[in-house]
Amino acid sequence: MELFAVPDLPEIREGDDLAAMVAEQVDLRPDDVVCVASTVVSKSEGRTADLADFPAGPRAKEIARSLEDISGDEKDPRFAQAVLEESTEVVMDKPFILTETHCGHVGVNAGIDRSNVPDHDLLLLPKRPSQSAERIHEGLPESSPVVVTDTSGRPFRHGQRGMAIGWAGMPASRDWRGETDRDGHELQVTVQSVIDELAGAANLVSGEGDGGEPIVVVRDWEFGDHEGSNNLFREMHGDFVRQALRGWEYEG
Ligand code: GDP
Ligand code: MN
Ligand code: MN
């Protein structure tokens, strides 16, 4: 397989047609997977915002105050308010704000970015990343599958990596259950989150800084002859780590 960045993309503005921009630069093939950083999806959808748009309510003020106590740095309660408004549930409110966003993705600060955002304070995640992916997918000449990615931290490990937050035109996962390993044993549990793996690979090409390469084409990778599934985000029922966090207290 091969991965390459779509060249010569400008600063993305509200209303830009990302599918057309990709099609202009790359002769796409139907089985290419187009991975798009959520940053540019958000910019094209006008998801920029300013702190002034989020007058802080009592909960946001309380969260900001306790984060300030912990870090010793000044925290803007309007940022906490933006995070709350972008979220359906607060998973942890200290020592950082970890929330579930409207699409089901759990991330620090609801995935709101403060870097690579000219002229505004904040860039919110796309409201419905899979719908965004669907729109781009349908706009591409060969209807190639699309994965919308974001850089995200993970529990248990240092470092951030690219993850999928939306997708269209392909299943989220490759289901290996029922297939056999090299010893002929039937696989019982392995469902491979291929969109996260593609997102991680694409993020290797994009990087995190001023590279200006937010869209990456994955070529000559095949989903193969496997069952697929579209499960990505765990439900609370069956998410034991998240259940355990419900009774957890921050101790410093
Ligand atoms: P995120 O991981 O989706 O939050 O996006 P990042 O802020 O990490 O940016 C990913 C890549 O896209 C980096 O290489 C940035 O330089 C690039 N990038 C961000 N915004 C733009 C843009 O408007 N135009 C172009 N050409 N590149 C951008
Ligand atoms: Mn981001
Ligand atoms: Mn990133």
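Which helix and which strand each supply at least two residues of the shell around ligand 1? In this predicted model, α2 (38-44) and β8 (146-154) each do so, helices (H or I, at least four residues) and strands (E, at least two) being DSSP runs numbered from the N terminus. The largest share of the shell, 4 residues, comes from α2.

Ligand 1 is surrounded by 23 residues, each with a heavy atom within 4 Å of the ligand. The closest are P10, T39, D113, T151 and G209. By class, the shell comprises 6 nonpolar, 10 polar and 7 charged residues; Ala, Val, Leu, Ile, Met, Phe, Trp, Tyr, Cys and Pro count as nonpolar, Asp, Glu, Lys and Arg as charged, and the others, Gly among them, as polar.

An N or O atom in the side chain of T39 lies 2.4 Å from a ligand oxygen, and a backbone N or O atom of I12 lies 2.8 Å from one. For the side chain of D150, the corresponding distance is 3.0 Å. The protein buries 96% of the 580 Å² that ligand 1 exposes when taken alone (Shrake-Rupley method, 1.4 Å probe).

In helix α4 (residues 77-85), F79, A80, Q81, A82, V83 and L84 are buried, that is, under 20% relative accessible area with a 1.4 Å probe and protein chains only. These buried residues pack against α3 (58-71), β4 (87-92), β5 (98-101) and β7 (122-123), with contact meaning heavy atoms within 4.5 Å.

Residues are numbered from 1 along each chain as its sequence is written, chains are lettered from A and ligands numbered from 1 in the order in which they are written. Local features need pLDDT of at least 70 and side-chain atom pairs pLDDT 80 or more, whereas totals for chains, interfaces and linings use all residues; side-chain values use heavy atoms, with hydrogens and water left out.

How values were computed: Polar contact = N/O pair within 3.5 Å; in protein donor to acceptor, adjacent residues only side chain to side chain. Buried < 20%, exposed > 50% of the residue type's maximum accessible area, 1.4 Å probe, protein only.
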